[in-house]
Structures are given as structure tokens and as C-alpha cells.
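Biologist: I have a few labels to check. Take me through the terms behind them.

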Amino acid sequence: MRVDCALTVPGPSAEELAPRLPDRWRGVFSAVNDRRDPPAARTDDLQRRLDEAGLDGAVLVAAPSLSRRLEHGFAEALALATNGWLIETYLDRATGLRGTIFVATIEASIVEAEIARCARTPFFAQVRFPTGGGYLAGHHANRPLFVTAARQGLPVLIDSHGGERLTGVGPVATTLEIPIARAHALQAHLTSAVFHGILPSIPALRLIVAQPGIQWAADMVDRLDRTWNLLGAEIPEITVPPSRQIAEWVWWLDEAAPGADSATVGEIIRTLPGSRGATSPTRRGAWDSVDPALLRDLYGDRAPTPVAA
Amino acid sequence: MDSATSPITRRVVDCDVHPAIPRVETLFPYLSAHWVEYMTQSAFRGPVDTSYPKGYPNGGSVDATVSEPASLAGAVLRGPDDQAILNCLYAVDSVHNPDTAHALARAVNDWVADRWLSADARFRASIVVNVQQPSMASAEIDRVAGNRGFVQVLLPVRTRVGLGDPLFNPIYEAAVRHNLPVGVHFGGAPGNAMSGDGWDDLYVEEYAGMAAIAQVQISSLVGHDVFGRFPALRLTFLEMGWRWVGPLMGELDRAARGMHRRFARGTELPSTMIRAHTRFGLTPGYASNDVVRDEIASAGLADLLLFTSDFPHVHGSDPTEVLKGLGPARAHAIEAANAWDWYPRLGDGER
């Protein structure tokens with residue numbers, strides 16, 4: 001079975017989302033949403049992509065392309081509207097497809113309510129971490145999202161959406177810098193999560209890393225271990241070595257290595273600590289043959305199944 | 001033949017050694033009366049933003065050893081032909097008054113020339129400049145580059161904008177004008193967060209994350225085609241690891257190949273530019289010595305590495321141990337030959 005665990009589809013346009021937004025927020029969404037027009041043929045295009053890639057199933061990721069951070073009231077309305085739109089536009093039209101819950105804020109009450117609401121439906125398999133929110137993953141402000149996702153049995157997908165805009169040395173200025181900026185953002189989030197102990201403190205949490213290339217990962221994991229060994233006195237409460245944290249709680253997606261062939265990606269993933277010690281030879285989840293048991297391990301009974309219109 | 005017994009080389013060039021300025025008053029003889037009065041009356045204690053917080057083991061023992069030329073030479077130079085490049089990490093970039101920062105940079109360089117370069121002919125040094133003010137930095141490079149003991153310009157890796165930005169052209173122009181590499185070192189105090197996605201709040205995040213900043217900086221240099229603008233420019237990345245260089249080159253090559261020509265402005269692949277224009281300090285390797293040696297051999301990076309003890313800083317491993325078992329040719333390249341190629345002024349017998 002071939003499954004893409006983070007298949008990105010174009011986010012909703014203002015026109016598509018308007019009926020789902022209160023009057024108060026329609027104009028605001030038009031102003032901050034970068035997508036102006038809906039694609040001509042959404043579901044046809046999705047089917048074509050599935051066929052071309054030889055995919056049996058997919059977990060869709062769709063998010064508005066936003067040009068700025070959002071106030072809480074708008075974020076609440078936007079998540080409600082976007083997740084409803086995803087169900088109506090894609091998930092309710094074919095069996096087997098699953099979706100990724102979109103949240104646009106880390107405000108606890110909003111996140112908890114939206115994840116719980118979506119988890120009551122059969123459509124969603126994971127939660128997307130709202131990168132670009134101003135807080136790295138390990139910050140305590142993000143804890144409600146991780147706790148709620150774990151409580152609902154949903155993995156958290158972390159990608160680099162927005163990471164290409166700003167780096168630790170200012171705004172990205174050229175196109176060539178984008179993939180490296182995304183990888184930089186992901187490294188910062190993973191480092192933060194590991195050194196703040198988010199992963200061991202929520203044993204049921206599963207973190208899925210997607211999108212920005214994973215070639216950097218092996219070096220980063222060694223670097224985190226070395227840092228922990230050398231400077232661990234700063235964080236005595238972190239007793240699980242970083243490489244073990246990543247082995248236990250982090251899943252890497254094949255899609256994270258754009259352009260690399262499957263064998264290369266498999267080799268990269270096998271060099272990661274999680275794979276070295278895992279009972280499964282790899283923990284890969286996308287764009288390749290996936291053992292259904294591995295999918296069930298990741299998603300439980302929310303795992304995507306072969307898509308049928 | 002085991003490299004430990006190889007006759008090829010026992011001469012070492014240590015490209016990253018850190019003398020320390022014990023207190024700001026040390027610089028007073030090199031500051032004008034105006035700045036001495038300014039600093040005295042304002043109780044200025046020197047730049048306080050440090051990338052090596054007091055008490056953290058990576059900073060090592062900052063004692064008299066790093067303030068006295070003879071003791072530092074005894075610690076890092078093992079033979080009469082060994083050499084060491086002194087990189088004084090005085091955080092002038094953290095001083096917000098540009099005139100003060102510039103005056104401090106000048107004073108540091110004069111102190112280095114007077115106190116260190118004249119004390120031991122085996123010492124070389126990097127020129128300290130305020131990266132926040134490139135035109136002032138350029139003037140300072142021109143002022144002191146006549147002293148052949150200065151072999152490099154020193155910048156922190158953390159900056160307000162990427163190093164590819166034309167803002168930094170005056171620094172690169174001056175470096176090229178004097179045939180000096182630009183060292184880019186762990187640390188910096190630009191005033192912005194380590195990540196565009198929020199502030200880190202632990203030092204371990206900063207320490208582990210500096211390598212990712214270096215990766216972004218190289219992508220900025222390549223993306224802005226800085227090496228096309230300055231074909232003679234050379235940059236040395238220090239104290240941020242190097243095992244990420246191979247993956248970075250692969251990722252940038254892939255991105256460049258997939259781009260329309262107007263986005264990928266350089267005519268060469270990024271990996272070709274990086275191999276030609278950058279070198280990397282050996283320390284820290286962020287892995288066991290066996291892993292580091294394997295990667296030097298398998299990734300074809302031996303030509304890009306320079307021996308660095310990073311004294312007095314500590315990273316949990318001894319870089320001299322890495323060289324053992326590498327094989328004589330690779331060991332010789334890393335501990336001396338690469339540096340001789342990279343720093344033309346190392347060969348100056350008389351300064």
C-alpha cells in the first residue's frame with residue numbers, strides 16, 4: 001500500500017471560505033489570505049495526483065496561505081471554517097482519505113476545542129502544528145496542543161510552513177535560500193522540543209516531521225546528543241538522551257527529501273537513531289510502500305485506507 | 001603507516017585560538033582620551049553579551065592562560081614551527097553605539113598587534129570589526145591590514161540579515177583587496193532571535209542551533225551570488241561543526257537544478273562554489289572520533305577542513321585524537337597544508 005501521509009492540497013480561497021466565515025471575519029480573511037482564486041478542478045486534480053504517484057491513500061494537508069499572525073477570535077473562526085471546508089471539499093467525497101486538523105493559534109481553549117471537535121468526526125488523522133506562531137515547539141505555550149492531540153490519539157505533524165519567510169539572520173531574500181530556511185526552522189523546533197522535554201513528558205505523543213529535507217537530521221541528532229552530554233547541567237530534568245527521544249517519538253516522512261530517490265531516502269532514514277534501534281527497519285511514512293501495520297502504529301484506527309470515490 | 005608515526009608532518013596550524021581581554025581597562029591604552037573618559041564615567045564594563053555564559057563548561061577556563069602570550073603559546077603551540085590564529089571574541093557587535101563599537105574594535109586590534117603578534121612570531125590574528133557597520137568595518141580592515149600578522153577578518157555568524165546581503169559588500173571588498181579570508185565564528189549578538197519562529201530560552205538551544213545558522217548563512221551567500229560578485233572571496237566557518245556541509249551542498253544543488261535560471265543566479269552549482277570559497281574548522285565534530293574520521297574519509301571533505309583546537313573552549317572531545325588514524329595525507333592536509341593554502345600570510349617569515 002502506498003500512502004502519502006502529508007499530501008498538500010491548495011488551501012481555501014476567500015471565495016471558497018466566505019460562506020463558512022462570520023461576516024465579522026470575511027473581509028479580514030480576504031486581506032490576509034494569499035490565495036486569490038480557487039483551483040479550477042480540486043477533486044479531479046487530487047485524483048490525478050494520486051493516480052500519477054500510484055498512491056492508494058493519503059492524509060491531506062490544506063491550510064490558508066496567511067501573510068500574518070492572527071488574533072484569537074479570527075483564528076478560532078478560521079480553523080472551524082477551514083476544517084469544515086476540507087471535509088466538504090475532499091474528505092467526504094471519497095472513502096479512505098484522511099485530513100490534517102488545521103489550527104491557527106496556540107491559545108489553549110481554542111486549540112483544545114477545535115481538536116476535540118474534529119476528533120469526533122471520522123475524517124481526521126493528525127493535527128498540524130501551527131509553525132510561525134512565534135513560539136518554538138518546546139515552549140510551554142504549545143503544550144495544550146500536544147497534550148490534546150495525544151489525548152485524542154492524534155499524531156502532530158510539524159512542517160516548515162512559514163519557515164521560509166524569516167530565519168535567525170533575518171528575512172529570506174532569494175529563492176535558493178528557501179529549502180535551507182525551512183530546514184533551519186525545523187531544526188529549531190525539534191531542538192526546542194527535545195531540550196524542553198515535551199516528548200518524554202507526553203508519552204502518547206507522536207511527532208511527524210515533514211517537508212524540509214531530512215539530510216540534515218543525522219548531524220542534528222548527534223549535535224543534540226553532544227550538547228546534552230556537555231551542557232546538560234542546564235536542563236537536569238531532561239534525563240532521556242535526545243537521540244532516544246527522537247527515536248521514540250519522532251517519525252520522518254519520505255516526502256521530506258524532495259528529489260531524492262527512494263533508496264537514498266531509505267538509507268538516510270536508516271542512519272537516524274530511531275531507525276537504528278527500531279524494530280521496524282524504517283519509520284518512513286510517505287511516498288513509498290508502507291506496511292499497513294506501520295500505519296496503524298502511527299494512526300490507530302484513523303489510518304488512511306485505499307481511496308475510493 | 002599509521003599517521004601517528006608518519007614522518008610527513010608534525011607541524012600544526014591551529015586556526016582557532018581565543019585570547020581574552022580580562023577587563024575593559026586593558027584596552028584603555030589603545031583608546032582615545034574621549035573614550036576612556038566616556039567608559040569610565042558611564043561605568044561601562046565592556047560588551048556583556050557573550051556566547052559563552054560564565055560557568056558553562058564549553059567556555060573552558062578563562063584564566064591567565066588566555067591573557068598572557070607566553071602561557072597561551074605554551075598551551076597551544078607544541079613546536080617551533082607551529083602557528084596559531086588568534087580570534088579575539090570581543091562582542092563589539094553587541095554595543096549599540098556604532099562609534100563606541102568601532103573604537104573598541106580598533107582598540108582590540110591594536111592590543112592584539114601590540115601585546116600578542118609582537119610577542120611570538122608563531123601567532124597570527126584575525127581583525128576584529130563591528131559587523132553591524134560595514135563601512136566602519138571596511139575602514140578598520142584597511143587601517144590594520146598592513147600588519148602582516150593579521151591573516152583574516154573576523155565576523156560572528158549571527159547577524160541581523162544574511163551575509164549574502166549587499167549590505168556587507170564593503171567588508172568583502174576590503175577583505176579581497178587585502179587578500180584576507182573572512183572568518184565566520186560561532187556567536188554574535190545581533191538583537192534578533194536564533195530562529196524566525198520564535199526565541200529560544202535555553203543556552204543549549206543556542207549552542208546546538210548555531211550550526212543551523214551557519215547553514216542559512218551559506219545559503220544566503222550562494223543565493224545572493226556573493227561568490228560571483230567576489231570571485232576571490234574566501235570564508236572560514238569556525239566552531240560550528242561541518243558534518244552538515246555535505247547534506248547542505250546536496251540540498252542547494254538540488255534546489256539550484258530545479259530553478260529557473262533567473263532564480264539561480266550563479267553559473268556554478270552551489271557545491272562547486274562552497275568547495276572553492278569556504279573552509280571549516282575541525283572542532284567541534286559533534287560525534288565520536290570514529291564517526292568523525294569516517295565522515296572525513298567518506299564525504300570527501302578533508303580538503304575543506306582546518307585544524308582548530310578552539311582553545312580554551314571545550315566540546316567534549318580532543319581534536320588531535322581525530323587526526324590519529326586518518327592516514328598521513330589527510331592528517332597533513334587538515335593540520336597544516338589546507339591552512340597554508342587558505343591563509344597566504346601564514347608563510348610570511350618576517351612581519
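Biologist: Why is strand 3 (residues 123-128) of chain B called mostly covered?

Modeller: Six of its six residues are buried. A residue is buried if 20 or more other C-beta atoms lie within 10 Å of its own, exposed if 12 or fewer, and partly exposed in between, with C-beta atoms placed from the backbone. The model is predicted: local features need pLDDT of at least 70, side-chain atom pairs count only at pLDDT 80 or more, and totals for chains, interfaces and linings use all residues. Residues are numbered from 1 along each chain as its sequence is written, while chains are lettered from A and ligands numbered from 1 in the order in which they are written.

Biologist: What makes strand 2 (residues 83-86) of chain B and strand 3 of chain B a pair?

Modeller: Pairing takes at least two DSSP bridges between two strands. Strands are DSSP runs of E, at least two residues, and helices are runs of H or I, at least four, numbered from the N terminus. Three bridges join these two parallel strands, so they pair. Ile85(B) stands opposite Arg124(B).

Biologist: How do you know that strand 3 of chain B pairs with strand 4 (residues 150-156) of chain B?

Modeller: Four bridges link them, in the parallel sense. Ala125(B) stands opposite Phe150(B).

Biologist: What is the hand of the crossover through helix 4 (residues 134-144) of chain B, from strand 3 to strand 4 of chain B?

Modeller: This β-α-β crossover is right-handed. With the strands pointing away from the viewer, the path from the first strand over the helix to the second runs clockwise.
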